[in-house]
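User: I'd like to go through this one piece by piece. Ready when you are.

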Number of protein chains: 4
Amino acid sequence: MSQEMLALLKERGVDVRDIARIVLRLQKPFSPELTLEECLEAVHSVLRKREVQYALLTGLALDKLAEQGLLPEPLQTIVAGDEPLYGIDENLAMAIASIYGTVGITSFGYLDKKKMGIIGRLDKNKLNRVNTFLDDLVAGIAAAASARIAHHYCKTP
Amino acid sequence: MSQEMLALLKERGVDVRDIARIVLRLQKPFSPELTLEECLEAVHSVLRKREVQYALLTGLALDKLAEQGLLPEPLQTIVAGDEPLYGIDENLAMAIASIYGTVGITSFGYLDKKKMGIIGRLDKNKLNRVNTFLDDLVAGIAAAASARIAHHYCKTP
Amino acid sequence: MSQEMLALLKERGVDVRDIARIVLRLQKPFSPELTLEECLEAVHSVLRKREVQYALLTGLALDKLAEQGLLPEPLQTIVAGDEPLYGIDENLAMAIASIYGTVGITSFGYLDKKKMGIIGRLDKNKLNRVNTFLDDLVAGIAAAASARIAHHYCKTP
Amino acid sequence: MSQEMLALLKERGVDVRDIARIVLRLQKPFSPELTLEECLEAVHSVLRKREVQYALLTGLALDKLAEQGLLPEPLQTIVAGDEPLYGIDENLAMAIASIYGTVGITSFGYLDKKKMGIIGRLDKNKLNRVNTFLDDLVAGIAAAASARIAHHYCKTP
Ligand SMILES: [Ca+2]
Ligand SMILES: [Ca+2]
Ligand SMILES: [Ca+2]
Ligand SMILES: [Ca+2]
């Protein structure tokens, strides 16, 4: 199932290395010795979680159906137009980000505003594609992987 | 838009009075003088909220698309089969339930297990229909309306 | 730190076996072969999580300080009187319950209303003690342990 | 009670105008005609909500008790030292931020990282004071007020 997730992301134009790069930029200030390989491993761990897989499958299906004009109205217009107050895309992404606690949620909020790396490119690429869910899901995965790393590097008192 | 929500629920076999009846059963022990009309008014208030409308539109679209076999696999099998650990249905419903704070979320958890009134009937009616999202969304609306009433009847210290 | 958690709960009148018994009652209908030992192991796993430990330390400190009359007003009156709309107790407990996803949150909502086993006894024992946080924290731990077991017993499609 | 909140914040060194200024910086890019007075009005609306008042009372009591060395160990060391993975401070703040939906939560995550205006000053001022909860609570109020304004300015489709 984890392999299917990589294929699904690839099909929508996202390489897991792009996600790992965001994780590295987020966590480097706190753990200077962190490598891209470790970030990639954290992304894979996140993608092995069932809740993450279900959220990805659902969000990406909605993006694809909107692209094909198959959603019932008014949902079709809302998703295809990436209506700013829709919020279900952020909601699904937060279900991913919150797996590793509050650190994941705050990192997601930051990525959602800064639109770092691939997230910004997805958010802008709306010509022939619907990426309403994809940009948030990628941010959610990056935030969860960051939180995983933060928890590993810090020691309990 | 609020009228469209009533029509959408009706089309899926749910009358808002069924939801109001659940609210009455939940809140009667705490407010013995509560009437069905007041519960109905609370349900209408919940249905006027934009977040609620977006969650309803999205969940009911997924139920309908699964019924028509239009979702991509493996999501089609998961939603059509109401896979117990899917969780995105509860997730959307909790976005509704949490609008009036923690009281809404705990009431949702209770309804999700007890499957009171129309919720139980929807959960069982899976012969010709997919109600994977509908039962949870109805529980979420009932929980939010209950929390709204709880907040109104209690006084701040 | 996990041993300190057991001591802390014990000091407030809660044995981890009481929590394991709730988990068993919640999960038995779904996994008939489940034993009390397995439930106890799940409770221990939950208590090893840092977020759980921090929530427990905070909530139990607030209960104790209220018992000693050391909280500033109006918080002292609110916590000592277990004011029904306070909600911060449920909030902390949900941070625990949500560690294993939505199943944990809905189980918490159910326990919060049903007040099963030790939870009901704590909720009633308010003569010489403040258990405003304790009953919810115990429900949160039981809900998290239940969700952990549910995830283990179910297979992904 | 709303007046008590202003007094409580003032006592901890926070003027509501400082919070309104953060709201203005967050929302100005989306609503160029927005004024500081409107942001101040949104902050007051947030402070009138009971959940917000309860979260503020609880968090600020914990900061004060830690300052006086009155919390039981190991909580005293954790709160007084602003231990980075504690997370209960962010948890309380998110209960505030989420009142107006996902927009509030993502804005909170952004403020939590950027430490804009008064939030940054509080986060640094740890010489004679414990502001472990205060900085997050202020960010939570600013995020909730921003979300309130975002919802008012946008129109439903
Ligand atoms: Ca989006
Ligand atoms: Ca369902
Ligand atoms: Ca309680
Ligand atoms: Ca803090």
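User: Where is Pro74(B)?

Analyst: Pro74(B) sits in the loop between helix H4 (50-67) and helix H5 (75-80) of chain B. Helices are DSSP runs of H or I with at least four residues, strands are E runs of at least two, and both are numbered from the N terminus. This is a predicted model, in which local features need pLDDT of at least 70, side-chain atom pairs count only at pLDDT 80 or more, and totals for chains, interfaces and linings use all residues. Residues are numbered from 1 along each chain as its sequence is written, chains are lettered from A and ligands numbered from 1 in the order in which they are written, and side-chain values use heavy atoms, leaving out hydrogens and water.

User: Is the peptide bond from Glu73(B) to Pro74(B) cis or trans?

Analyst: Cis, with omega near 5°. In chain D, a cis peptide bond joins Glu73(D) and Pro74(D), with omega about 5°.

User: Now the metal. What coordinates the calcium ion (ligand 4)?

Analyst: Asp89(D) (OD), Thr132(D) (O), Asp135(D) (OD) and Asp136(D) (OD), at 2.2 to 2.9 Å. Donors are N, O and S atoms within 2.8 Å of the metal, or 3.2 Å for Na, K and Ca; water is not among the atoms, so sites may look incomplete. Along the chain the donors follow the spacing D-x42-T-x2-D-D. Asp89(D) is in helix H6 (residues 88-97) of chain D and Thr132(D) in the loop between helix H8 (118-124) and H9, so this pair ties together parts 43 residues apart in sequence.

User: Switching to helices. At what angle do the axes of H3(D) and H9(D) cross?

Analyst: Roughly 115°, and the axes of H3 (residues 36-47) and H9 (residues 134-153) of chain D come within 9 Å. Axes are lines fitted to C-alpha atoms, for helices over the stretch in contact, and angles run from 0 to 180 degrees between N-to-C directions. H3(D) and H9(D) are therefore roughly perpendicular, a label for 65 to 115 degrees; under 35 is roughly parallel, over 145 roughly antiparallel, and the rest oblique.

User: Which residues of H9(D) make the contact?

Analyst: Ile141(D), Ala144(D), Ala145(D), Arg148(D), Ile149(D) and Tyr153(D). Contact means heavy atoms within 4.5 Å. From H3(D), the residues include Glu38(D), Ala42(D) and Val46(D).
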